[in-house]
Amino acid sequence: MTINCAIIDDEPLAAGLLESYVAKTPYLDLQGSYNSAILAMKDLRNNPVQLLFLDIQMPELSGIEFAKILPRDTKIIFTTAFPQYAIEGYKVNALDYLLKPISYEDFLRSTDKALEWFCVAQKQDVYRQDRFMFVKSDYKLFRVSLDDILYIEGLKDYVRIHLKNGEKIMSLMSMKKLEDYLPRPEFLRTHRSFIVRMSEVRTIDRFRIVFGDTFIPVSDNYKDDVQKYLDLHTLA
């Protein structure tokens with residue numbers, strides 16, 4: 001996979017260093033380098049990149065302010081000499097935050113994180129479009145339609161996929177892997193042992209999801225995500 005990227009930094013030496021790092025990272029393709037957010041604004045609005053290396057403290061328009069007007073699909077790695085901006089950076093959904101002077105080791109660690117994020121997002125897009133996945137069970141591959149899934153149960157190293165027709169498919173797989181790849185918020189983790197297809201939920205009893213005689217708990221770790229979903233679909 002190749003990630004289109006750009007650099008915005010008003011320090012020529014810092015920008016040059018980042019350009020050299022991008023050049024020797026095989027999965028990065030530099031689309032532009034700018035010394036101010038104002039200069040980059042038109043280009044990145046008309047031709048957005050996937051990943052932006054963005055300085056924070058710049059004249060006219062700061063990196064934090066610029067991040068708020070970028071297309072939502074553009075992911076950001078902030079590059080700055082000032083650690084006090086870290087919290088603000090994460091508030092605008094930055095993938096990472098690199099402190100200057102930036103070593104190539106730190107740069108690569110950060111871009112590897114970005115690559116992983118884009119690979120997961122790409123796979124989620126495939127699942128959203130094709131609406132099925134293949135899972136291994138008993139040395140066979142079974143095609144599972146996302147529309148047929150009711151919920152998924154974690155059992156140590158295995159998962160049990162519960163289908164609407166009552167069928168259950170066991171597979172050697174981690175819950176984390178499924179959670180990462182299944183499209184959100186259609187599928188939400190409600191507990192360390194359960195992922196639920198929220199569009200199939202018909203009844204919630206004292207914050208337990210009810211499927212027939214089965215009560216699926218919502219633990220504190222996942223309560224906020226479930227509540228946000230419910231708030232969007234509940235008439236006050």
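What percentage of the 236 residues of the protein chain count as buried? The share is 47%, where buried means under 20% relative accessible area, exposed over 50% and partly exposed in between, with a 1.4 Å probe and protein chains only. This is a predicted model, in which local features need pLDDT of at least 70, side-chain atom pairs count only at pLDDT 80 or more, and totals for chains, interfaces and linings use all residues. Residues are numbered from 1 along each chain as its sequence is written, and side-chain values use heavy atoms, with hydrogens and water left out.

**The chain as a whole**

- The protein chain contains seven helices and 15 strands; these are DSSP runs numbered from the N terminus, helices being H or I of at least four residues and strands E of at least two.
- Along the principal axes, the C-alpha atoms fill a box of roughly 65 × 45 × 30 Å.
- Among contacts with a separation of 6 or more, 51% join residues 24 or more positions apart; contact means heavy atoms within 4.5 Å.
- The accessible surface of the protein chain is about 13,800 Å², and carbon and sulfur atoms hold 50% of that surface; areas come from the Shrake-Rupley method with a 1.4 Å probe, and for residues only the protein chains shown count as cover.

- Five strands make an open sheet in the order 10-9-8-12-11, with antiparallel pairing; two strands pair if DSSP finds at least two bridges between them.
- At the edges stand strand 10 (168–172) and strand 11 (187–191), each of which pairs on one side only.
- On average, neighbouring strands of this sheet are turned by 20° against each other, direction ignored; the axes are lines fitted to C-alpha atoms, for helices over the stretch in contact, and angles run from 0 to 180 degrees between N-to-C directions.
- Strand 9 (residues 158–163) pairs with strand 10 in the antiparallel sense over five bridges.
- Arg-160 has Met-170 of strand 10 opposite.

**Two buried residues**

- His-191 belongs to strand 11 and is buried, with a relative accessible area of 18%.
- Apart from neighbours within four places in sequence, His-191 is in contact with Pro-217, Ser-219 and Tyr-222.
- Gly-32, in strand 2 (residues 28–34), is buried with a relative accessible area of 12%.
- Residues up to four places away in sequence aside, Gly-32 touches Cys-5, Ala-6 and Ile-7.
- From Gly-32 to Phe-207 the separation is 175 residues in sequence and 49 Å in space, C-alpha to C-alpha.
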